[in-house]
Amino acid sequence: MTAEDFLNGQILLVDKPLDWTSFQAVNKLKYKLKREFNLPKKFKIGHAGTLDPRATGLLIVCTGKFTKKIPEIQDAPKEYWAEIKIGVQTESYDTEKPEILQTNFSHITEDYILETLEKFVGEIEQKPPVFSAIKIDGDRAYDLARKGIDVEMKSRKTTIHYLNNVEINLPFISFTVGCSKGTYIRSLAHDIGQSLEVGAYLTQLRRTKIGEYTVENTQSDILENEFRFAD
């Protein structure tokens, strides 16, 4: 590719590493591309949908004129592979915070788990996690939460298109979930735990698809083997 290619617009499919923020991934790409292709200082680049630091998988990055495509890509359905742990919870709904509220789950059967998961397919009400990037009066919710400030998150409607490929190896349950824009899989994990009445939190999350783009399409270990991307 040439500098003109990136300025005219490219869609880069990045397999985001664990513990990187989406912002860090974009900045890394921006730095590398500007240096390697002598791009201008105000080179446009941005991602089409945030991934939490504790999640891996498909991060779509648009460059140049293709940054105009970001809203369209963000609106597309998403697919994730998720693993949850039942019988315990965390304040962040994932592995960022330590485990609390351990509960006996010996009475939970596989049939009951499958019946419970089915209840979450379709349009549901969901509260975003307190530890999320949603802005409340100009501040990020996670910044307020980390300062110990009580944050009231408002419920919103979202759609779970499917929950399949379920594997149960208690206390862990894994599945593939297809969902609409704005769905928090951490909140889904928490809500499943509440429905089971034993608690649960998200232990692993990998985004596998956004619209027509899949994580399998990431290729070319350009960027010093830290990222792989395809046009």
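C62 counts as buried, since its relative accessibility is 0%, where buried stands for under 20% relative accessible area, exposed for over 50%, and partly exposed for what lies in between (1.4 Å probe, protein chains only). C179 is likewise buried, at a relative accessible area of 1%. A search of the whole structure for disulfides, taken as pairs of cysteine sulfur atoms within 2.5 Å, finds zero.

The model is a predicted one, in which local features need pLDDT of at least 70 and side-chain atom pairs count only at pLDDT 80 or more, while totals for chains, interfaces and linings use all residues. Residues are numbered from 1 along each chain as its sequence is written, and side-chain values rest on heavy atoms, with hydrogens and water left out.

Taken as a whole, the chain has 231 residues, of which 46% count as buried. Its secondary structure comes to six helices and 11 strands, both read as DSSP runs numbered from the N terminus (helices H or I, at least four residues; strands E, at least two). With contact taken as heavy atoms within 4.5 Å, residues 24 or more positions apart account for 69% of the contacts in the chain that have a separation of 6 or more. The accessible surface amounts to about 12,200 Å², and carbon and sulfur atoms hold 47% of this surface; such areas come from the Shrake-Rupley method with a 1.4 Å probe, and for residues only the protein chains shown count as cover.

Helix α2 (residues 22-37) has 16 residues and reaches 22 Å from its first C-alpha to its last, close to the 22 Å expected at 1.5 Å a residue, the expected span being 1.5 Å times one less than the number of residues. The buried residues of α2 are S22, A25, V26, L29, K32 and L33. Seen down the axis of α2, these residues fall within an arc of 135°, so they line one face of the helix; the arc is that of the directions from the helix axis to the C-beta atoms. An α-helix has 3.6 residues a turn, so residues three or four places apart point the same way. The buried residues of α2 pack against α1 (3-8), β1 (11-16), β2 (45-47) and β3 (56-63), and the helix is followed by N38, whose phi is positive, near 55°.

In helix α4 (residues 110-118), the buried residues are I113, T116 and L117. They cover an arc of only 100° around the axis, which puts them on the same side of α4. The face turned away from this buried side carries the exposed residues D111 and E118, whereas the cover over the buried residues includes β8 (156-169), β9 (172-179) and α6 (185-196).

What, then, makes up the largest nonpolar core? A nonpolar core is a set of buried Ala, Val, Leu, Ile, Met, Phe, Trp, Tyr and Cys residues joined through side-chain atoms within 4.5 Å; the largest has 26 residues, and those with the most contacts inside it are I84, F175 and V177. At least two residues of this core come from each of β4, α4, β8, β9, α6 and β10 (200-210), and α6 gives the most, with five residues. Apart from this core lies another, of 12 residues, among them A25, V26, F43 and V61.
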